[in-house]
Amino acid sequence: MLAALSNAPSIVRSPLVSRDTELMMRALDALGATFTPHGNDISVEPIMGGDNSASDATIDCGLAGTVMRFVPPVVLATGTRAHFDGDPQARVRPMQTILDALTALGATVDSDDGFLPFSITTGDHVGNTVTIDASQSSQFVSGLLLSAARFPDGLTVKHLGETVPSKPHIDMTVATLKQYGVKVTQPDPTTWVVEPGVIQATDVTVEPDLSNAATFLGVPLIAGGSVTVPHWPERTDQAGHAFMDIARAFGGTAELTPAGLTVTGSGTVQPVDLDLSQVGELTPVVAAIAAHAHGTSHLRGIGHLRGHETDRLTALATELTKAGAQVEEGPDYLTITSTVSTGCAWSSYADHRMVMAGALVGLTQDVTIEDPDTVAKTLPQFTDMFERVVSA
């Protein structure tokens, strides 16, 4: 996105190629950017604005929360018009927060109920201050911040409500904006100020996706042995970096060396009590590991997962129960009090993280995962990679 909004061509090296990233590139292409592959890299010609050919763009969000929540502010920043829609499951994901924010900033939004589908038309004036309740998703804050430097007067975003979930994702957004030369300040914990100005073109190498990596690192915790993820960054703003401490909580070891991050387990999983409010996307994998522990595990602070690709709390409780575990589902927690003990047909709910969780349950039980190809949302090669890890 930042390359598409920058002031000159950029190079993105070693990007993740998945359905989500392809949907993002097509969305930004519809608004005037151009993405050209060069081996493992992609060159990006930015959206310069004022291009009538980008008017009345049609954006397919698929099931990508980043597309449906990050791209609408781009419409306002570039002076275009666009219609957004996506998969049937995407039409139940909360969008009212970002739509209300864009309306307050001067856009005209055509939406029947605050969900997909909707249309956005840029107004004559773009505001510079907006107050939102981002309690449902940190993506609402990140989406506004990413485009804000292209607004005529920049943007001040104020969060009013409960604590923002997954705040490390906002921190990662701010760090990346600064990498592109954008001036961002935070006068208090719930206010972000982005100054208007140029988003500088850059040559950037994408880090490994640490949330995707967590699934593979869960294998030795359940089955014993060691797994190494190469190129694990020593310092990163990714929330998935927290899996190092999570692996240790489960009784494994996690060692970061120049070769990468190595997690080693004995095959005996210790029960855990974890606040996952800042790393919610790890919850399906963590729950699957916890369902192999002898004892009671508590996973807390995860109520916002009900608004992800599916209601992940209900989905996890349902599928783990089918696999023989005892699970208590609360408003914002899961309590798992016994291990999985039986085979089952594992429903994926069109949710890539549910496929990954089912694969971990399948390490000890006879599990048939329904619609495993939905994992292509973020990692099309997952099945082959997982089989290679398990058979190593």
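Here are some friendly notes on the model above, point by point.

1. Please keep in mind that this is a predicted model, in which local features need pLDDT of at least 70, side-chain atom pairs count only at pLDDT 80 or more, and totals for chains, interfaces and linings use all residues. Residues are numbered from 1 along each chain as its sequence is written, and side-chain values use heavy atoms, with hydrogens and water left out.

2. Helices (H or I, at least four residues) and strands (E, at least two) are DSSP runs, numbered from the N terminus. Ser 166 is buried, at a relative accessible area of 7%; buried means under 20% relative accessible area, exposed over 50%, and partly exposed in between (1.4 Å probe, protein chains only). Beyond its neighbours within four places in sequence, Ser 166 is in contact with Ser 138, Ser 277, Gln 278, Gly 280 and His 304, where contact means heavy atoms within 4.5 Å.

3. Next, the aromatic rings. Rings of Phe, Tyr and Trp (its six-membered ring) pair if their centres lie within 6.5 Å; planes under 30 degrees apart count as stacked, over 60 as edge-to-face and the rest as tilted. The count comes to 4 aromatic pairs. One of them, Phe 84 with Phe 118, is stacked, at 5.0 Å centre to centre and 25° between the planes. This pair links distant parts of the chain, with Phe 84 in strand E5 (residues 81–85) and Phe 118 in strand E7 (residues 118–121), 34 residues apart. Phe 84 is buried at 0% relative accessible area, and Phe 118 is buried at 0%.

4. Phe 216 and Phe 382 make a tilted pair, 5.5 Å centre to centre with 50° between the planes. Phe 216 lies in helix H6 (residues 210–223) and Phe 382 in helix H11 (residues 382–391), so the pair ties together parts 166 residues apart in sequence. Phe 216 is buried at 7% relative accessibility, and Phe 382 is buried at 2%. Together with Phe 386, Phe 216 and Phe 382 form one aromatic cluster.

5. Finally, the nonpolar cores: sets of buried Ala, Val, Leu, Ile, Met, Phe, Trp, Tyr and Cys residues joined through side-chain atoms within 4.5 Å. The largest nonpolar core has 67 residues, and those with the most contacts inside it include Leu 31, Ile 59 and Phe 84. Helix H2 (residues 65–78) gives the most to this core, with 8 residues. Apart from it lies another core, of 61 residues, among them Phe 216, Leu 217, Leu 334 and Met 354.
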